[in-house]
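Dear colleague,

I am handing over a structure that you have not worked with before, and below it you will find what came out of going through it. Please read the text with the structure open beside it.

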Amino acid sequence: GMVRIYDKERLLIELIRFQKRLPYDYYKEIIGNYRKISYLLDSNKIAAYTNHFKNGETILRQIMREVF
């Protein structure tokens, strides 16, 4: 099968997209870890990635609210 490799920005988007599939505590822990490295994240890259999803604006808003 195919193995997908994502950068940290794309992985954050996947986390937001599929958060309901994760235990809440686990989700919160990962978001907390993203918050600690938020200075390393490329917000322009995140915005560009979210353009490819029909609910991209919602995803972007949630990332800005929870991580930055």
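A residue is called buried when its relative accessible area is under 20%, exposed when that value is over 50%, and partly exposed in between. Please keep in mind throughout that this is a predicted model.

By this definition R17, with a relative accessible area of 36%, is partly exposed, whereas E14, at 14%, is buried. These two residues form a salt bridge in which the closest N and O atoms are 3.0 Å apart, and both of them lie in helix α1, 3 residues from each other, which is about one turn of the helix.

A second salt bridge joins the side chains of E66 and K28, with 3.9 Å from N to O. Because E66 belongs to helix α4 and K28 to helix α2, this pair ties together parts that are 38 residues apart in sequence. E66 is buried, at a relative accessible area of 13%, while K28 is partly exposed, at 34%. Salt bridges with shared partners also join R10, E14 and R17 into one network.

The count of salt bridges comes to 4, and another one of them is formed by K45 and D7, whose closest N and O atoms are 3.4 Å apart. This pair, too, links distant parts of the chain, since K45 sits in helix α3 (residues 43-50) and D7 in the segment before α1, 38 residues apart. Both partners are partly exposed, K45 with a relative accessible area of 31% and D7 with 24%.

Helix α2, which holds K28, deserves a look of its own. It runs over residues 24-36, and at 1.5 Å a residue its 13 residues should span 18 Å, which agrees with the 19 Å that separate its end C-alpha atoms.

Which residues of α2 are buried? They are Y27, I31, G32 and Y34, and because they cover an arc of only 160 degrees around the axis, they lie on the same side of α2. What covers these buried residues includes α1 (8-17) and α4 (56-66). On the face of α2 turned away from the buried side are the exposed residues D25 and K36.

With kind regards

Terms used
Residues are numbered from 1 along each chain as its sequence is written. This is a predicted model: local features need pLDDT of at least 70, side-chain atom pairs count only at pLDDT 80 or more; totals for chains, interfaces and linings use all residues. Side-chain values use heavy atoms; hydrogens and water are left out. Helices (H or I, at least four residues) and strands (E, at least two) are DSSP runs, numbered from the N terminus. The expected span of a helix is 1.5 Å times one less than its number of residues. Buried means under 20% relative accessible area, exposed over 50%, partly exposed in between (1.4 Å probe, protein chains only). The arc is that of the directions from the helix axis to the C-beta atoms. Contact means heavy atoms within 4.5 Å.
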